There are 2 protein chains.
Amino acid sequence: MEAKTRVTLDRNSWVRAAIEVLADQGVDGLRVEVLAKQCGVTKGSFYWHFKDRRDLLDAVLHTWKDGRIRDIVKQTRAEPGKELPQVYHVIEVYSANRNRKGILIELAVRDWARRDPAAHRAVEEVDRKRIECGKELFLRLGLPDDEAAARSLLLYAYVFGQSLMVYDRHDENVVRLKQLIADRIAR
Amino acid sequence: MEAKTRVTLDRNSWVRAAIEVLADQGVDGLRVEVLAKQCGVTKGSFYWHFKDRRDLLDAVLHTWKDGRIRDIVKQTRAEPGKELPQVYHVIEVYSANRNRKGILIELAVRDWARRDPAAHRAVEEVDRKRIECGKELFLRLGLPDDEAAARSLLLYAYVFGQSLMVYDRHDENVVRLKQLIADRIAR
DNA sequence: CGCCATCCATACGCAAACGTATGGAAAGGG
DNA sequence: CCCTTTCCATACGTTTGCGTATGGATGGCG
């Protein structure tokens with residue numbers, strides 16, 4: 001029985017839990033009392049670690065932004081000569097089936113960004129970095145500047161647009177289609 | 001002074017106003033008392049026309065779905081031989097700059113669909129119809145079945161994915177990039 | 001041992017929003 | 001002209017959530 005082990009939370013635990021809730025409830029579902037219940041404490045704890053709800057939201061944004069930027073830099077690094085498979089890898093990684101949680105967070109943050117300036121800025125930074133990294137990859141593939149930029153934009157727009165659409169994701173046919181689309185973007 | 005003209009609302013007026021609010025506040029911002037205030041009445045009126053909030057939401061979904069389906073059928077009709085310009089037209093029409101309001105509604109409904117089964121079904125129907133219509137267009141362009149389906153999926157994923165991203169939409173460079181992307185999708 | 005800092009619980013006031021109940025005004029038909 | 005139907009206002013009870021205030025428990029440290 002670890003019921004007596006005084007579970008001491010810190011800011012980071014709260015942020016992690018908040019991102020969970022954000023993923024499947026959206027920002028508007030991110031209420032401090034709900035979050036506290038899920039953490040097994042009361043909001044007394046929350047207001048010890050955070051000034052107010054806004055304080056938490058900003059922390060969530062900060063954590064998300066940093067993670068995404070670190071991620072994209074990592075995902076777009078490729079050994080010379082291995083750029084093409086790396087492009088396919090990026091498409092795969094950011095696609096819905098794998099990394100389901102990540103996609104849900106992504107969508108929640110982007111919807112959030114439509115109404116919140118701070119979230120908007122965070123998404124803006126992430127998008128800029130991603131498009132930049134993607135473009136670099138296509139450039140190393142030998143594409144001209146404009147074409148590389150266009151492919152990169154197309155890639156991310158497609159990937160996140162796809163996760164926005166509703167159709168049978170387990171359809172065998174869809175797998176084939178996605179392969180064709182990946183070819184269209186990468187080659 | 002038309003202050004005395006008793007503005008009599010009907011279900012449809014409410015739905016129209018609701019879609020306005022939905023567009024820039026999301027479903028969670030769609031509160032009946034807020035909506036009533038915007039309509040210049042109190043919620044007493046609302047509950048006369050609707051059983052409850054859910055009743056309104058369903059009406060909104062129904063209206064949205066019908067409109068989108070009627071729209072896509074219209075937009076993908078092309079004179080024989082004029083299919084290619086029609087593809088470019090579809091991309092243009094569903095892109096962010098024109099039709100800003102439509103895009104906002106689209107995003108709001110799709111985010112809504114992540115948590116509401118009814119909204120999910122509506123989006124599913126719309127997506128199916130759109131992909132089907134788009135595929136038809138590519139087929140008439142002479143593409144093989146798989147390729148036509150892939151292009152259609154890519155088109156819609158790109159278009160809505162694009163409206164999800166944040167970057168300078170007035171950048172002159174972006175216009176050129178979008179042209180390149182449209183070429184990549186259409187040709 | 002006793003004290004203080006850290007972390008959390010409890011209780012409160014307040015506001016927004018849902019849905020209900022009931023009353024009232026306006027309009028049209030008999 | 002009255003009366004019924006239609007449409008809306010007002011008032012109420014309830015829930016949910018924010019933020020504050022205050023007290024309690026726990027552990028380290030002198």
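Reader: Which helix of chain B is the place of A36(B)?
Author: Quick housekeeping: residues are numbered from 1 along each chain as its sequence is written, with chains lettered from A and ligands numbered from 1 in the order written. This is a predicted model, where local features need pLDDT of at least 70 and side-chain atom pairs count only at pLDDT 80 or more, while totals for chains, interfaces and linings use all residues. Helices are DSSP runs of H or I with at least four residues (strands are E, at least two), numbered from the N terminus. A36(B) belongs to residues 32-39 of chain B, helix α2.

Reader: Why does A36(B) count as partly exposed?
Author: Buried takes 20 or more other C-beta atoms within 10 Å of the residue's own, exposed means 12 or fewer, and partly exposed is in between, with C-beta atoms placed from the backbone. A36(B) is partly exposed because the number of other C-beta atoms within 10 Å is 19.

Reader: Which residues does A36(B) touch, leaving out those up to four places away in sequence?
Author: Touching means that C-beta atoms, placed from the backbone, lie within 7 Å. C133(B), for one, is 38 Å from A36(B), C-alpha to C-alpha, and 97 residues away in sequence. The residues that A36(B) touches are V41(B), T42(B), K43(B), S45(B) and F46(B).

Reader: Which element gives the most to the surface near DNA strand D?
Author: Near means a C-beta atom, placed from the backbone, within 6 Å of the strand. Of the 18 residues around DNA strand D, those that come nearest are R31(A), R53(A), V41(B), T42(B) and G44(B). At least two residues each come from α2 and α3 of chain A and from α3 of chain B. With 4 residues, the one giving the most is α3(B).

Reader: How many helices does chain A have?
Author: The C-alpha trace of chain A spans about 60 × 35 × 35 Å along its principal axes. Of its 187 residues, 35% count as buried. Chain A has 0 strands, and its helices number 9.

Reader: Are α6(A) and α7(A) parallel, perpendicular or oblique?
Author: Helix α6 (residues 100-113) and helix α7 (residues 117-140) of chain A pack at about 125°, with axes 7 Å apart. Axes are lines fitted to C-alpha atoms, for helices over the stretch in contact, and angles run from 0 to 180 degrees between N-to-C directions. Under 35 degrees counts as roughly parallel, over 145 as roughly antiparallel, 65 to 115 as roughly perpendicular and the rest as oblique. The angle of about 125° therefore makes α6(A) and α7(A) oblique.

Definitions and conventions
Two residues are in contact if their C-beta atoms, placed from the backbone, lie within 7 Å.
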